[in-house]
Every structure is written in structure tokens, then in C-alpha cells.
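Please look over the sequence and the 3D structure that follow, and keep both in view while reading. The report then takes up a few topics in turn.

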Amino acid sequence: MEMDTDHTADLTSPTPRALATEAVHAGREDLAGLGLHAPPLDLSTTYPSYDSRAEAARIDAFAAEGALDDGPPVYARLGNPTVGRFETALARLEGTESAVAFASGMAALSAVLLVRASMGLRHVVAVRPLYGCSDHLLDAGLLGTEVTWVDPAGVADAIRPDTGLVVVESPANPTLAEVDLRALAHSCGSVPLLADNTFATPVLQRPAESGAGLVLHSATKYLGGHGDVLGGVVACTEEFARRLRQVRFATGGVLHPLAGYLLLRGLATLPVRMRAASATAARLVRRLTDDPRVGAVHYPRIGGAMVAFEPLGDPHEVIAAVRLITPAVSLGSVDTLIQHPASISHRIVDADDRRSSGVGDRLLRMSVGLEDADDLWDDLDRALSAAESAPDQAPRPRSRAAG
Ligand SMILES: *Cc1c(COP(=O)(O)O)cnc(C)c1O
């Protein structure tokens, strides 16, 4: 991990600061001057103004440029100061000019697609696997876009005059497959590359430095970090951020201020959480790799707290047998979660597409939390034994289901 020596492109401070410092201070620089220590939580839906001529001018400016001046927001769907602090901090951590927050990761991806489609660029090139619902949103063309699925090597050839976006996850959900983001960004030419950085977080990787124009997070996962807040965010140039704000205003997928507050709070501990959970994950990976009850273990080169593995026994029995580990979808919380992608997170993806992108019927995805590594291993060890002794009912191909 490179976070201790890695310095962010700090836009306000004369000397670059380490990521761990930015995680604690970015978005909070004005607090001491305000006589505050904790960031204020502004729940206002509207903001009083006796000067409606000035309001008109500000709304015109927003409609034309997607930017609001430093005055109070007009209405909460236009912007919120607490959410703004989270956006400032996340942009600093990802090393981008700006960031725009949304109600969820899916709302964030939707807004990016709508920005490009509104420019007449309705074609998307995407690399599987993606998070199941991202795959579904693109594959079903729910927003009127058309997708071409390719391997990373096929991206350049798949780009058409109406291609507005290239979408990739690295490490990917749920297989943890990695792509060379720099090479991929190069093959995108002038088409922006959207890199979903949910699994790596800026602690392990900053895709903007590799040429990804758009960095997306399901903030629900590691950024929040405690399993109690739903959110999404796109880190990008200020130019693209203005378009995203206009779409957010018109379509309404705003992040709630309390969620913004919790996400800003989550960022402060992101580097220590990632470091601790990744160390535990690496220990569990070594044990799983040496274990005769496990057929394959997937762990990315850049590390992280996500582990995927394929038990030789029935994966459903592993899920049924864990006690300390929580059998639940989602990831990135302080506690360890395990789930069966073919049944839950990637259930909505067509079964053949799912399997051909490496999401096999035995694959389990585990999000390693902050518990003691030996306690986690004891639980996994028991669950693997339970799966071995249970009669094998390995999942058979099933029809596609929603949800
Ligand atoms: C969960 C997830 C999403 C979707 O985010 P939500 O906050 O659930 O809408 C997108 N991408 C990845 C990689 C995810 O894990």
C-alpha cells in the first residue's frame, strides 16, 4: 500500500499533504474559523432570501453553467453545504477538481449516462463483470442507452462516433478481476473512461491519475464504512461536475444531508480502516489458498479487503453455517459480510453472461471487516467443514429473476 508516501494534489494548501491527513481535514478547513469542531449538519430544504432579483440571476447562472456562487443555496435539490463538504473531501482524496454526490451509487451512474445521452452520445462500451445492477442498467438500456460488452483489449475497436462512455470496474465486483486502467484509458481516446473505484477506494488506487475522466463510488460501501448510509459520488473535472449538478437538480437523485454528514465522517477513518481490513484479508487469503476445501481464491494484486473464493463443497452451506460473519449482500462495513453473487448481487445478470464473465455458481464474495483475523478464520473454518459434510447440491442453472 502506498498511502503513507502518497500525496494528493491539494488545491488549497501550499504543500501537498498525505492522503491520511486529507482524509481527516479536507472539507473541514473553515471549521476553526467558524468556531466549530464538528461539521454542521444543515437539514434545510429551502433558504430565505429577500432579494428575488438576485435569486433569479443565480438560478440563471446555474441553468447556464451548473455552478452556484458562494451565497446560500436556493433549494436543497440545488445543493447542500453538508453534502458539499463531503464532495470537496472526496475530490481531494481522488485528486480531481470536483465531485458530485448522489442518493446512491446507481443514481450516480444514472446521472453520468444521462449527461452523455443528453449530448447525443447514447452508446456505451463496457467491460464485464460489473456490479450486477450496473450491468442490468446498461444491458436493459433502461435509460435509452445501448451497450457493447467487450474485453479490455476490444475497447478501441468498439468505440463509435456516438460512444459517450467506457465503463469498467477494477478490481471488479465480484471476481476482483483487475484491468490496466492506464492502458484502457489510452485505448478510449477522447471518450471518457468511467472507473468504478468502489472496491479499491482512493487509499489503494486513484484512477484519475491513470487517465480515467470519471471516478465513481458506491459511497454506501467503504466511504461510509459502517453499513448505515446509502450514497454515491462521481469525482471528475469541474466542467463535467457542472453537467452532473444540472442533471441531479432536474432528476432529483440528491444525497440526503445526514448521509453527507455520515460520509464525511466515514472518510476520516477510511485510510486506517482500509489498512487494517486489508491486512486481515491478506491473512485470510493465505489460509484459504492453503486449504484443501477451497478450489480457487481470488485476490487482487493491489490488495484490499475484498476476497472471493470457490469452496469445493456447496457454497449455500457455507452461507448457512457462518455465525460471526454476517451472510448479507453489500460490503465495506466494519463487520465482515459474505454473500453468494449468483444468488444475490449478480442474480439480475443473465446466467450465461454471468458465468462467462467469471461469476461462477460456486463463487462466494467476502468483505473483510475489522474483527480479529483468527476469530474470522475460526468461523470460516467451521463453515467450510459444514459445507463439506453436507450433501452436495451445487447450484444448477436457473432462470433469470429480478432483484
Ligand atoms: C454497490 C455497488 C454499486 C451500486 O451502489 P449503490 O450505492 O448500492 O447504489 C455500484 N458499483 C459497485 C462496484 C458496487 O459494489
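In which helix does Ala108 lie? Ala108 lies in helix α4, which spans residues 105-117.

## Basis of the report

This is a predicted model, in which local features need pLDDT of at least 70 and side-chain atom pairs count only at pLDDT 80 or more, whereas totals for chains, interfaces and linings use all residues. Residues are numbered from 1 along each chain as its sequence is written, and side-chain values use heavy atoms, with hydrogens and water left out.

## Residues in helices

Helices here are DSSP runs of H or I with at least four residues, strands are runs of E with at least two, and both are numbered from the N terminus. Ala108, in helix α4, is buried, with a relative accessible area of 0%; buried means under 20% relative accessible area, exposed means over 50%, and partly exposed lies in between, with a 1.4 Å probe and protein chains only. The C-alpha atom of Ala108 is separated by 8.5 Å from that of Gly231, although the two residues are 123 residues apart along the chain. Ala117 is also found in helix α4 and is buried, with a relative accessible area of 7%, and its C-alpha atom is separated by 20 Å from that of Phe62, at 55 residues apart along the chain.

Ile59 is found in helix α2, made up of residues 52-65, and is partly exposed, with a relative accessible area of 40%. Between the C-alpha atoms of Ile59 and Val74, which are 15 residues apart along the chain, the separation is 8.3 Å. Arg273 is found in helix α10, covering residues 257-290, and is buried, with a relative accessible area of 8%. Arg273 and Leu31 are 242 residues apart in sequence, and from C-alpha to C-alpha they are 24 Å apart in space.

## The ligand and its surroundings

The ligand sits in the second largest pocket. A pocket is defined on a 1 Å grid over the protein atoms alone, as an open set of points where a 1.4 Å probe fits, with protein on both sides within 12 Å along at least five of seven lines, and a molecule sits in a pocket if more than half of its atoms lie within 2 Å of its grid points. There are 14 residues around the ligand, of which Met106, Asp196, Ser218, Thr220 and Lys221 come nearest; a residue counts as near if one of its heavy atoms lies within 4 Å of the molecule. The residues of this shell divide into 4 nonpolar, 7 polar and 3 charged, where Ala, Val, Leu, Ile, Met, Phe, Trp, Tyr, Cys and Pro count as nonpolar, Asp, Glu, Lys and Arg as charged, and the others, Gly among them, as polar.

Which atoms of the protein lie 2.9 Å from an oxygen atom of the ligand? At that distance there is a backbone N or O atom of Gly105, while an N or O atom in the side chain of Asn173 is 3.1 Å from an oxygen atom of the ligand. For Asp196, an N or O atom in the side chain is 2.7 Å from a nitrogen atom of the ligand. The protein covers 93% of the 380 Å² of accessible area that the ligand has on its own, with areas taken from the Shrake-Rupley method and a 1.4 Å probe.

## Backbone features

Most residues other than glycine have a negative phi, and most peptide bonds are trans. A cis peptide bond joins Ser170 and Pro171, with omega at about -10°, and Pro171 has its place in the loop between β4 (163-169) and α7 (181-187). The peptide bond from Asn173 to Pro174 is cis as well, with omega near 5°, and Pro174 lies in the loop between β4 and α7.

Thr201, in helix α8 (residues 201-204), has a positive phi of about 60° although it is not a glycine, and Thr201 is buried, with a relative accessible area of 0%. Ser330, a residue other than glycine, has a positive phi near 80°. Ser330 is found in the loop between β10 (326-327) and β11 (337-339) and is partly exposed, with a relative accessible area of 25%.

Note on methods. Polar contact = N/O pair within 3.5 Å; in protein donor to acceptor, adjacent residues only side chain to side chain. 1 Å grid on protein atoms, 1.4 Å probe; cavity = no way out; pocket = protein on both sides within 12 Å on 5 of 7 lines; lining within 4 Å.
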